[in-house]
Amino acid sequence: MASHWEEFYKTHLPPTDFEDNRSLLKEFCERHNSTGERIALVTSGGTTVPLEHNTVRFVDNFSAGTRGAASAEYFLEQGYAVIFMHRTKSLEPFTRHFNGQKFMDMLELHDRGPNTTITVKPDSVDVLAPVLANYKAAQETGKILYVTFTTVSDYFWLLRAACECLGPLGPKALLYLAAAVSDFYIPSSELPTHKIQSSVGAPTISLQLVPKLLAPLVSLWVPQAFVVSFKLETDENILIAKARDSLNKYKHKLVVGNMLQTRRQKVVFVTPESSYEVLLSREQMINGMEIEDLIVSNVVISHSNFLASFKY
Ligand code: 9Z3
């Protein structure tokens, strides 16, 4: 009998841009594998669950992709090549610093008829320059690949394709699964084609469990990789137990637990041997330090130890 995840891929079509993304992933992984670099796959942002094939409405979640976008920058700083697999229109590395009106407010318009010019305000140069330098460096050295998903089904297709391309890197591949992936969905076969009509009364929407992809991911797709998953809870009393359950079930290396309410200040690292908090001090917070800086530094140390002890 086909497993739940195999059944999923049989009954859900890949997204329309799937083959293009697969080629990009393949080229990126082969290029960095040939130079012996480490690659971090960072997943980021939330998945949607459409309620109709021609989607007017969908179920979504809170994630703006802050964790993933910030972490991608810190992995680049640590010398990793990065696949940034994110929800369309969620936060991206580098541009995240200048979201919304912030960017416009940094610019000055010098309207001189046909010789109009635009400059960066002097007091914004210090803010923009380092971010721009890091952005340009990542682009020019081909160190970052952006791929996007919207629905939970898109995410599943893209995740498997990324894993297939990362497989040959063995333990040099690091998976950092920070996307907020829906646990529930409506199978394609049960979706109405057209917009749900209010004239037939209030709809009853019945969701089903998504397959747990961490199982094939760890045991079949990238069995040698260093896999880090995130666990989000809102009830502190169950966080560590849930993180430990996940490690016991899927046998990966590390679960980073976080609470919705305090995720910007602290997380808990749960490994098969131990659990410890990683948190920003008051002073670090005042100085504008981001917790992702600490999370990524700790993850990179664990990945290095894992690589050092890896038996080929
Ligand atoms: C996380 O727990 C991330 O840290 C956040 C980041 C989504 C909380 P933001 O985008 O938030 O910075 O606002 N991601 C994993 C969430 C998740 O769906 N985990 C699944 C679960 O908890 C397992 S992979 O069951």
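A nonpolar core is a set of buried Ala, Val, Leu, Ile, Met, Phe, Trp, Tyr and Cys residues joined through C-beta atoms within 7 Å. "Buried" here says that 20 or more other C-beta atoms lie within 10 Å of a residue's own; 12 or fewer makes it exposed, anything in between is partly exposed, and C-beta atoms are placed from the backbone.

**View 1. The largest nonpolar core.** This core has 72 residues, and V42, V82, I83, A162 and L166 touch the most other members. Its top contributor is helix α6 (residues 152–166), which puts in 11 residues. Helices (H or I, at least four residues) and strands (E, at least two) are DSSP runs, numbered from the N terminus.

By the way, you're looking at a predicted model: local features need pLDDT of at least 70, side-chain atom pairs count only at pLDDT 80 or more, and totals for chains, interfaces and linings use all residues. Residues are numbered from 1 along each chain as its sequence is written.

**View 2. Zooming in on V82.** Which residues is V82 in contact with, leaving aside its neighbours within four places in sequence? They are A40, V42, A72, F75, L76, K143 and I144. Contact here is a matter of C-beta atoms, placed from the backbone, lying within 7 Å.

**View 3. Around the ligand.** The ligand has 15 residues around it, with S63, T66, R67, F230 and L232 coming nearest; a residue is near if its C-beta atom, placed from the backbone, lies within 6 Å. Strand β11 (226–233) and helix α3 (66–77) each supply at least two residues of this shell, and β11 gives the most, with four. Sorted by type, the shell has seven nonpolar, five polar and three charged residues. For that sorting, Ala, Val, Leu, Ile, Met, Phe, Trp, Tyr, Cys and Pro count as nonpolar, Asp, Glu, Lys and Arg as charged, and the others, Gly among them, as polar.

**View 4. K253, a lysine in a loop.** You'll find K253 in the loop between α8 (236–250) and β12 (254–259). Is K253 buried or exposed? It's buried, because 20 other C-beta atoms lie within 10 Å. Not counting residues up to four places away in sequence, K253 touches F226, V227, V228, T271, S302 and F306.

**View 5. How confident is the predictor?** The protein averages a pLDDT (the predictor's confidence in each residue, from 0 to 100) of 97, and 100% of the residues score at least 70. The model also scores ipTM 0.94 and pTM 0.97.

Notes
Two residues are in contact if their C-beta atoms, placed from the backbone, lie within 7 Å.
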